[in-house]
2 protein chains.
Amino acid sequence: MKEAKFFGEVQVVATSKESNFTYIPKNYEIPPDAAYFHITSNNTIYGTQSQSFPKSPIPMVCDMSSDIFSRKINVADFGLIYAGAQKNMGPAGTTLVIIKDEILGKSGRKIPAMFNYQVQIEGGSMYNTPPCFAIYVSMLTLNWLKSKGGVAAIEEENIAKAKVLYGEIDRNPLFKGVCAVEDRSHMNVCFVMENPEHEKPFLKLCDEKGIIGIKGHRSVGGFRASIYNALPITSVYVLIDAMQEFHEKNK
Amino acid sequence: MKEAKFFGEVQVVATSKESNFTYIPKNYEIPPDAAYFHITSNNTIYGTQSQSFPKSPIPMVCDMSSDIFSRKINVADFGLIYAGAQKNMGPAGTTLVIIKDEILGKSGRKIPAMFNYQVQIEGGSMYNTPPCFAIYVSMLTLNWLKSKGGVAAIEEENIAKAKVLYGEIDRNPLFKGVCAVEDRSHMNVCFVMENPEHEKPFLKLCDEKGIIGIKGHRSVGGFRASIYNALPITSVYVLIDAMQEFHEKNK
């Protein structure tokens, strides 16, 4: 929104800011006279995810950086999908854009060549020197995904991973989830502890068990378990074991 | 120039376009009332290189993508230096910018955060998710350069490589250089054959000897030997041997 304001008028059609972004807004109106409607499919910081998308009367532009290739989507519903590689596709340093032909070339604005999708398409995505390594590793990752059965298969795995982890959060009296149950992310599982004084010792236990990067974003606090495609369910069980062990010790 | 025109008035102060860019213009005037003076230190396509830089009354902005870290420069002479990593620093996908504090924050324009140097500086070059692999390999490459004696040592090597190769081009009657002798690049050595019919068979000989990527850019034709830091002088000798062998066969 901050950046879009440099180039036009921005209207916020829905937000859950008032509750620190703990749910995905629903039943909002998309202005039919706007140029496009922008949505982010998964919120890595607060751990919410759109489990379905609205019907949009105007082109829907979606930032899928953090959940692309993690679940089936109907690509045709979107005017434009964009995603940084670094969650489920490959190393940081390359970006994927899927765009409908019919929304190309509609901006009257002079656009620098590097940011002009038409120029990139005409250049076969090689208008500039491409970041070969990031693209190459993305190909390897997508081959790996295919060999596992593709997006449909990984979606089932991701649902299973999320289910067991949220299950423990809901069962274990020391922990609680931070988001509306129906909007819980299958990629980033955010949770806090009923007793904030437990957070430091639990973080220490995680560290001892080789669980890293579990600390929540500073704007939410608590914990965030990122369970992207690359993380096997066995790693989720390591975290669940730590939660159960901590509960046993602190009953 | 094409891109700069989107954002302001562009004045060409010097060009060698009339001779297909075979020399570096000298003795031109830099307008003292312009916002900045832009120069590219090395031309990879035509094989010319600025062996010295003008004194500029306004901030000098230099694209050093293709010769940074290949020779000593006086950084203080430049307001801003920018370079893609992919020639002498590391893999494609990251960029280096050296900027003088005093020229920061002087644009009245609203700049998207990603392109705002002030924002990048404040974020420790991590405003966005950094392309870690490209940065990491750049570090390894710079460590390698240091271990060889740094820029001063590699400059001597680069001069030696260029000297023997241009020496053969000038000595061998089948070949000729395309650029003004004093402006010859130490990174990209461009040459053609006196008899254009020799080019295909020479390319074939190169291929047999494992010399790849020697074909010149389509706008120049002929040959282009890129002899960046990573290329050892022994590889230059392989090319010289091929040139001499071809001469022996075609006397």
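Good morning, colleagues. Please bear in mind throughout that this is a predicted model.

I begin with the architecture of chain A. Its secondary structure amounts to five helices and nine strands. Followed along the sequence, the order is β-β-β-β-β-β-α-α-α-β-β-α-β-α. The C-alpha trace of chain A spans about 65 × 40 × 30 Å along its principal axes. Chain A has 251 residues, and 38% of them count as buried.

Rolling a probe the size of a water molecule over the atoms shows where empty space is left. The structure holds one cavity of 30 Å³ or more, and the volume of the largest cavity is about 70 Å³. Which residues line the largest cavity? From chain A they are Ala92(A), Gly93(A), Pro131(A), Phe133(A) and Ala134(A), and from chain B they are Ala92(B), Gly93(B), Pro131(B), Phe133(B) and Ala134(B). Two elements give two or more residues to this lining, namely α2 (132–147) of chain A and α2 (132–147) of chain B. By class, the lining has eight nonpolar and two polar residues, with no charged residues.

The second largest pocket contains about 300 Å³ of space. It is lined by 16 residues, and those closest to its centre are Ile211(A), Ile212(A), Ile214(A), Ser226(A) and Leu231(A). In chain A, β9 (223–226) and α5 (233–249) are the elements that give two or more residues to the lining of this pocket. The largest share, four residues, comes from α5(A). The lining of the second largest pocket divides into 10 nonpolar, four polar and two charged residues.

Met114(A) belongs to the loop between β6 (95–99) and α1 (117–122) of chain A. Why does Met114(A) count as partly exposed? The reason is its relative accessible area of 40%, because partly exposed residues lie between the 20% limit for buried and the 50% limit for exposed.

My last topic is charge pairing. Side chains of opposite charge can pair when their charged atoms come close. Over all chains, the count comes to 26 salt bridges.

In chain B, Lys2(B) forms a salt bridge with Glu3(B), and their closest N and O atoms are 3.4 Å apart. Lys2(B) counts as exposed because its relative accessibility is 57%, whereas Glu3(B), with a relative accessible area of 26%, is partly exposed. Elsewhere, Lys26(A), Glu182(A) and Asp183(A) are joined into one network by salt bridges that share partners.

To close, I return to two points. Thank you for your attention.

Technical notes:
Residues numbered from 1 in each chain as written. Chains lettered and ligands numbered in written order. Predicted model: local features only at pLDDT ≥ 70, side-chain atom pairs only at ≥ 80, totals over all residues. Heavy atoms only, no water. Buried < 20%, exposed > 50% of the residue type's maximum accessible area, 1.4 Å probe, protein only. 1 Å grid on protein atoms, 1.4 Å probe; cavity = no way out; pocket = protein on both sides within 12 Å on 5 of 7 lines; lining within 4 Å. Points joined across faces, edges and corners; volume = space filled by probe spheres on them. Nonpolar A, V, L, I, M, F, W, Y, C, P; charged D, E, K, R; others polar. Salt bridge = Lys/Arg side-chain N within 4 Å of Asp/Glu carboxyl O.
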